[in-house]
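Please read the numbered points with the sequence and the model at hand.

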Amino acid sequence: AEERGIPYQLEVMGGHSGTDADDIMTTRGGVATGVLSLPLKYMHTPIETTTVSDAEDIAKLLTAFLRSWKGEC
């Protein structure tokens, strides 16, 4: 994110993340796992809301990571 000038915030999650990543990271003795969180309001409701710029920034960050990833964990 810093290299590409993409704004970000770190979120420290104690315990479980509440996502499928919890199960994935412990499968078969452990699988490297990461979670990108999109800031939003009213999760799991008909009026779940986020900003287009935050969604675009998540896409940019994920794209940059995948293009630079060498497949090593």
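The points below go from the whole chain to single residues.

1. Basis of the note. This is a predicted model, in which local features need pLDDT of at least 70 and side-chain atom pairs count only at pLDDT 80 or more, while totals for chains, interfaces and linings use all residues. Residues are numbered from 1 along each chain as its sequence is written, and side-chain values use heavy atoms, with hydrogens and water left out.

2. Overall form. The chain has two helices and zero strands (helices are DSSP runs of H or I of at least four residues, strands runs of E of at least two, numbered from the N terminus). Its radius of gyration is 14 Å, well over the 11 Å that the globule rule gives for 73 residues, so the chain is more spread out than a compact globule. That radius is taken over C-alpha atoms, and the rule is 2.2 Å times the number of residues to the power 0.38. Along the principal axes, the C-alpha atoms fill a box of roughly 40 × 30 × 20 Å.

3. Burial and surface. Of the 73 residues, 7% count as buried; buried means under 20% relative accessible area, exposed over 50%, and partly exposed in between, with a 1.4 Å probe and protein chains only. The chain exposes about 6,600 Å², and carbon and sulfur atoms supply 56% of this area. Accessible areas come from the Shrake-Rupley method with a 1.4 Å probe, and for residues only the protein chains shown count as cover.

4. Contacts along the chain. Among contacts between residues at least 6 apart in sequence, 26% join residues at least 24 apart. Contact here means heavy atoms within 4.5 Å.

5. The salt bridge. How many salt bridges does a search of the whole structure find? The search finds one, a salt bridge being a side-chain nitrogen of Lys or Arg within 4 Å of a carboxyl oxygen of Asp or Glu. Lys60 forms a salt bridge with Asp57, and their closest N and O atoms are 3.9 Å apart. Both residues lie in helix α2 (residues 52-68), three residues apart, which is about one turn of the helix. Asp57 is buried because its relative accessible area is 16%, whereas Lys60, at 48%, counts as partly exposed. Leaving aside neighbours within four places in sequence, Asp57 is in contact with Ile6 and Pro7.

6. Asp22 is placed in helix α1 (residues 21-24). Side chains of opposite charge can pair when their charged atoms come close. A polar atom of the Asp22 side chain does lie 3.0 Å from the backbone nitrogen of Ser17. Neighbours within four places in sequence aside, Asp22 is in contact with His16 and Ser17.

7. Leu36 lies in the loop between α1 and α2 and, at 45% relative accessibility, counts as partly exposed. Not counting residues up to four places away in sequence, Leu36 touches Ile58, Leu61 and Leu62. Leu10 lies in the segment before α1 and is exposed, with 76% relative accessibility. The C-alpha atoms of Leu36 and Leu10 are separated by 9.8 Å, although the residues are 26 apart along the chain. For Leu10 and Ser37, 27 residues apart in sequence, the C-alpha separation is 9.6 Å.

8. Val31. This residue is also placed in the loop between α1 and α2, and Val31 is partly exposed with a relative accessible area of 39%. Val31 touches Ile24 and Met25, residues up to four places away in sequence not being counted. From Val31 to Glu56 there are 25 residues in sequence and 27 Å in space, C-alpha to C-alpha.

9. Two positive phi values. Most residues other than glycine have a negative phi, and most peptide bonds are trans. Tyr42 has a phi near 60°, a positive value in a residue other than glycine. His44 likewise is not a glycine and has a positive phi of about 60°. Tyr42 is partly exposed, with a relative accessible area of 46%; His44 is exposed, at 71%.

Key:
Polar contact = N/O pair within 3.5 Å; in protein donor to acceptor, adjacent residues only side chain to side chain.
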